[in-house]
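Look at the structure first, then read on.

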Amino acid sequence: MSIFLHVLKIIVIVIAILFGVTFTVYIFNLDMKLTAAIEPWLLKHYDKIDRDQHL
Amino acid sequence: MAKQVGADRLGDFYKEGSRVRKRREWRGLVDTMYDYSRWLGIMMTLGKFVMKPRNVKAMFRYRWMANYLAVPMMVDRHTQGLRGEYLRICHEEQDLVIKDVANLLDSLFRGDRRIGNDKKFSDKVVLVDENEMTAVMMGFPTLKCLSRETPSTYVSVLLNQRAACHYIDVAQEFGLAGDVCPMPEAEAGVSIDDDAPILGACAIQCNTTCDGSLLGNGVISQRLEHEDGIPVFQLAAPLRHREDDVQEYAAQEIRNAIAFIEKHTGVKWDWGAYFECAKRVNYATKCRLEWLEMNRTPYPQVFGSNLALYTETNYMAICGRIAAFEKADTKITKLARQAYAKKKMAAKEYRHRAIVWGVQSHYYMDFLVWLLNCWGIVPLTDMLSMVSTKELVTEDTPENREQAIYDMAWLTENMIMRNRTHGGYKVLLDELWEFVEMFNADMVILWEHMSCKALDGMHGLFEEKAREKGIPLVWVSHDLFDPRIISRQGVRDQINSFMRTVMQEEPIDPSLEILPDDQSW
Amino acid sequence: MKDLKNLIFFENLLLEANNELIQKAQSEGKICACYTCENTPEVLLNLDGCFSARLRAPRTGSLDISTYYMTSFLCEYSRALLERAIEGGYNFADCIITPDGCSMMNRCIENMELLEAVGKGKDNFFFEYMEIPMKADDNGLNLYVLQCKNHILKPLSEKYGIDTSDAAIRKAVKEHNHICELIRAIGDYRKEDNPRITGYEFNVITLATYVAPKYLIADKLEETLEELKTREPYEKGKFRARVMVVGSEVDDTDFVKLIEDSGAYVCADRFCYGSLPGRNPIILNDEEDALTQICRQYMNRGECPRFMNTQKMDHRRIYVDELAKEYKADGIIYEQMKFCDPWAYEKMMGSQILRNKYGYPVLAVDRPYSIGTSGQMQTRVQAFVESIEIKKIQRGDANG
């Protein structure tokens, strides 16, 4: 029983931490802030790719 | 930070010079938790997509894939200020569209000779245009109907206002005039820039909305057919689609297109599958009509971009072929009925009832939400949502099989936008005023997509009719895919000046009047 | 080179939409059937009792009113026509027949109809809009035939009592072919190394055949052909290069004049209103009805960029290459009227493909409806001529 409670406690803590982290990311728009930082790097990469530009 | 509709100053979320907004809205506990859970769902969809190495490879190969970094923000833009049922309707639609596009991308890269190179899969792929009615694929359930232009240009611009600029520039570097519609221009640019996935047993192109679209296809087929060896069938839908003497021609084009697909894929047309799809199309039409009926009352429920974006996807790209959209139709209708029974409103004040006509600015699709939140203008319906409501035959009989060919032809002729930009002035000019009356509207917002010649050509007559009817008409100029010509603020300014000077009104939410979103996605 | 005897006569015909020959034919009780697009089978408007006139707006000035109705983004040809219609310049027309060739032309005519700008006081006046096939195939042919019956023959017969029988159509084809053969014969002189007719003169003569009743112009064409047989050309060296003009609607003879004044001889005219393929004779057999044969030939020979099937698209460039060889063009000028969507794309495709695949020097330009004496255009053509000359010299060096 105590093991079960212990596991349950861990699960609740993990869920709570996950919720806390993801909700913080969500409400402060951190996901978009991160991807906005990645974008310029990606665009530079695309410019370097050799392309067979023609009709 | 409030539960009530309209309690927030929505303009405060924007940050000068930033791609993204400062934070997401607090909509009260229940609605925020709901929005958060849907955000998690979107993240899982994206996560699943990224798990596949070929999709990561594609991310580094195709420039337009960078726009998909902005998926959650697109949803945020359309849910601005929404609460309760409106928020749920929006998510129901947007999340499904996101899943559908993720599946489309995954399939494209699976068959793409440069990425997944799954030849067996590619041999079951039929490529279609971005703006094409997919009715002709309703009887091919085992084939994959994929559009390369949908993810590379159409959805990309919904995600990132500047997504098409690079491709527009490429096309112009090759000598294309700068005054053509930037949508087919960007699609041609993707092809010229060698940035389109290469796959498929064959392709069906169509003379969709305009001369530009027709000619843009010529650029794409040049490479597709002569270089990639993918045979192309050009489906020529009649322009004067309301005339009786073009319907046989249209039907024969459908027969020829089906025969072409059968020949190049080795798959036979399946009437059972067709009639199943036809039932779903009828159901979608029934739901849409119910939403539009509600929009005629003082308590419209499915309107603005909720109506426009979903109709565009469901009517043309899906066309009854995917069962999940039928479920979404049911859920949306249930939510709308619920809100209607409670006489709910999406904003704190409805000042004007507007019909939105013309071709909307693609880089500013959430403009309709802005209209509502900033000025209390309810976009009851829009030109692109006023599509065919014809009931298709659904019972498999020899006579109905013949009728079904005409039904598919009718749908193809009446693609979104095309059903108004072609077919003579009656469908563009006269029917607008019929809808104004039908929806009891007191204002017309007229998008002037400056390189859309079919619409520009009726400019003066729109104005004369509006004067004659005594209906305020606001022109909103834009260049569809290119915010460098008229920015989002440039779009808003046209409404702001009209509302302040002509209507002598003050905004409901003044923080939205001028927004620093020039650099935003 | 001595002036052509009838050149001023032809030039005068181009000064007004309602020219003296139209007035003469109407005074003889004939019906004037106006049209706006090369996809309207012109020959069907030249049945006994009626004659065709393709709408132009010569000496166009301000486009203010039509710009209000159609904005500045529509091509100037469509705006110029609407402006002229609003000014009352087309009141001579007894009907206007137009296909939905392009959106702009369609809107131009719709505006005329809604504004009641044409047909005042003419009880039988009618507008007809046609659906024209976008592909050359059997299905397209059936459509073309049906549309010609419903939107040309039926209204002409019902409103004006025109005989639209097979025999009447065959007679019209015969007369049409006579004009085409004359134009062809005159145009063939452009193939000479030192041609005895300028591109400008030929352009004026060809254009006149589109805007004047054919039966009233045939004798002047015959006389001109006769005159050309003995005409002495300019001494060699007046022109520094031979160019072919390809592109959208050109009904402004100043454009060809400007090119020739800049040193390039216009040896072939593959543009809308030109003779290639617009003045190809229609060959009829006795087995099939004339209407179907006419439609098939219009459909198969059509070089308009609105034809969307791959074979047709490819043929547009193959045809330019064939003509360039036949007329010995040193270079190609692709032109489009500003804001013309179909030719914006075809100009890009054609100029790239003719340059890269076929190896021609190509100049791609856009232009207004009335070009006048544009210094900008002159400079571009002069630079193009120089580049052709340099290439010729380099080729000469390489050879030897």
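Two residues are in contact if their C-beta atoms, placed from the backbone, lie within 7 Å. The model is predicted.

Q: Which residues of α4(B) and α13(B) meet?
A: By that cut-off, B:G84, B:E85, B:R88, B:I89, B:E92, B:E93 and B:L96 of α4(B) meet residues of α13(B), namely B:A324, B:F325, B:A328, B:K331, B:I332, B:L335, B:A336, B:Q338 and B:A339. The residues of this contact divide into nine nonpolar, two polar and five charged.

Q: What makes α4(B) and α13(B) roughly parallel or roughly antiparallel to each other?
A: Helix α4 (residues 84-111) of chain B and helix α13 (residues 324-341) of chain B pack at an angle of about 170 degrees. Angles over 145 degrees count as roughly antiparallel, and α4(B) and α13(B) are therefore roughly antiparallel to each other. Their axes are 9 Å apart.

Q: Why are α10(B) and α15(B) called roughly perpendicular?
A: The angle between α10(B) and helix α15 (residues 398-413) of chain B is about 100 degrees, and their axes are 8 Å apart. The range for roughly perpendicular is 65 to 115 degrees, so α10(B) and α15(B) are roughly perpendicular to each other. On the α10(B) side the contact is made by B:Q247, B:A250, B:A251, B:E253, B:I254 and B:R255. On the α15(B) side it is made by B:I405, B:Y406, B:M408, B:A409, B:T412 and B:E413. By class, the residues of this contact are seven nonpolar, two polar and three charged.

Q: How do you know that chain B is as compact as a globular protein of its length?
A: Chain B has 20 helices and eight strands. Its radius of gyration is 22 Å, close to the 24 Å that the globule rule gives for 521 residues, so chain B is as compact as a globular protein of that length. The C-alpha trace of chain B spans about 60 × 50 × 45 Å along its principal axes. Of the 521 residues of chain B, 60% count as buried.

Q: What does the globule comparison give for chain A?
A: A compact globule of 55 residues would have a radius of gyration near 10 Å, but chain A has 22 Å. The C-alpha trace of chain A spans about 70 × 25 × 15 Å along its principal axes. Chain A has two helices and zero strands, and 9% of its 55 residues count as buried.

Q: Does C:E346 count as buried or exposed, and why?
A: C:E346 lies in helix α13 (residues 341-356) of chain C. A residue is buried if 20 or more other C-beta atoms lie within 10 Å of its own. C:E346 has 25 C-beta neighbours inside 10 Å, so C:E346 counts as buried. Not counting residues up to four places away in sequence, C:E346 touches C:P305 and C:R316.

Q: How many residues do chain B and chain C give to their contact?
A: The contact takes 43 residues from chain B and 43 residues from chain C. On the side of chain B that touches chain C, α9(B) gives the most, with ten residues. By class, that side of chain B has 19 nonpolar, 15 polar and nine charged residues.

Q: What confidence does the predictor give?
A: The complex has an ipTM of 0.95 and a pTM of 0.95. Chain C averages a pLDDT of 95, and 99% of the residues score at least 70.

Note on methods. Residues numbered from 1 in each chain as written. Chains lettered and ligands numbered in written order. Predicted model: local features only at pLDDT ≥ 70, side-chain atom pairs only at ≥ 80, totals over all residues. Helix = DSSP H or I, 4+ residues; strand = E, 2+ residues; numbered from the N terminus. Rg over C-alpha atoms; globule rule 2.2 N^0.38 Å. Buried ≥ 20, exposed ≤ 12 C-beta atoms within 10 Å, placed from the backbone. Nonpolar A, V, L, I, M, F, W, Y, C, P; charged D, E, K, R; others polar. Axes fitted to C-alpha atoms, helices over the stretch in contact; angles between N-to-C directions. Parallel < 35°, antiparallel > 145°, perpendicular 65-115°, else oblique. pLDDT = per-residue confidence, 0-100.
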